[in-house]
Amino acid sequence: MNILEVHNHLNKIWSEIFRLNEELREKLRPLGFKVENVEEVFNAYIYLEGEWREMFYPHPAFEIKPQGEVGATIQSFYFVFGIPKEKVSKEFIFQFLKKFPQSYIYGTENFLEDIYNHNNPKPPDDIYKHIVKSEEKIFQFEIEGNNTIEIEKKLFEFIELAKEYRVLEI
């Protein structure tokens with residue numbers, strides 16, 4: 001393990017999240033979102049080598065109210081939005097996966113059970129059936145990106161899709 005590389009990578013993700021937080025605070029306000037300050041998030045998980053692994057160390061993230069979070073792990077930048085079950089339609093899932101193939105869908109209560117994982121893709125119909133049968137009340141739609149430019153672009157694309165299907169409370 002190269003300590004300098006780890007140090008530089010952690011500095012990069014933290015500084016980029018602080019910068020993105022400031023930018024999104026201004027850009028999202030007119031759209032009805034409130035961007036909170038960056039915080040240290042504990043008790044998270046990261047998908048490595050085919051399984052979810054607990055992170056005992058913090059990573060940077062901030063809330064986008066209502067329903068969202070933007071952050072970074074040692075693996076990627078991400079955002080995630082919680083969407084109530086009753087607002088999730090088959091058409092929304094189809095469009096979501098078409099626009100964001102590098103994504104995850106999981107429940108709030110049983111978050112380690114993937115409904116969709118881009119590492120093991122499933123057809124949209126199977127995902128929708130799983131959601132309909134599930135006892136979960138809220139589903140997390142998470143999208144990854146390699147950098148903050150990519151994640152910001154995807155975030156605004158997601159907001160447009162979410163508005164079209166009325167899945168967010170804005």
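**View 1. Helix 2 meets helix 4, with axes that come within 11 Å.** In this predicted model, helix 2 (90-99) and helix 4 (residues 148-165) cross at roughly 165 degrees. Angles over 145 degrees count as roughly antiparallel, so that's the label for this pair. The crossing itself is right-handed. Look for Glu91, Phe92, Gln95, Phe96 and Lys99 on the helix 2 side, touching a set made of Phe158, Leu161, Ala162 and Tyr165 on helix 4. Sort these contact residues by class and you get six nonpolar, one polar and two charged.

**View 2. Helix 1 also packs against helix 4, with axes that come within 11 Å.** Here helix 1 (residues 3-28) crosses helix 4 at roughly 30 degrees. Angles under 35 degrees count as roughly parallel, which means helix 1 is roughly parallel to helix 4. This crossing is right-handed. Helix 1 brings Glu16, Arg19, Leu20, Glu23, Leu24, Lys27 and Leu28 to the contact, while helix 4 supplies Thr148, Ile151, Glu152, Leu155, Phe156 and Ile159. The class tally is seven nonpolar, one polar and five charged.

**View 3. Lys87 sits in the loop between strand 7 and helix 2.** Lys87 has 29% relative accessibility, so it counts as partly exposed. Leaving out residues up to four places away in sequence, Lys87 touches Arg166, Val167, Leu168 and Glu169. Glu54 is another story: Lys87 and Glu54 are 33 residues apart in sequence and 30 Å apart in space, going from C-alpha to C-alpha.

Note on methods. Residues are numbered from 1 along each chain as its sequence is written. This is a predicted model: local features need pLDDT of at least 70, side-chain atom pairs count only at pLDDT 80 or more; totals for chains, interfaces and linings use all residues. Side-chain values use heavy atoms; hydrogens and water are left out. Helices (H or I, at least four residues) and strands (E, at least two) are DSSP runs, numbered from the N terminus. Buried means under 20% relative accessible area, exposed over 50%, partly exposed in between (1.4 Å probe, protein chains only). Contact means heavy atoms within 4.5 Å. Axes are lines fitted to C-alpha atoms, for helices over the stretch in contact, and angles run from 0 to 180 degrees between N-to-C directions. Angles under 35 degrees count as roughly parallel, over 145 as roughly antiparallel, 65 to 115 as roughly perpendicular and the rest as oblique. A crossing is left-handed if the near helix is turned anticlockwise from the far one by less than a right angle, and right-handed if clockwise. Ala, Val, Leu, Ile, Met, Phe, Trp, Tyr, Cys and Pro count as nonpolar, Asp, Glu, Lys and Arg as charged, and the others, Gly among them, as polar.
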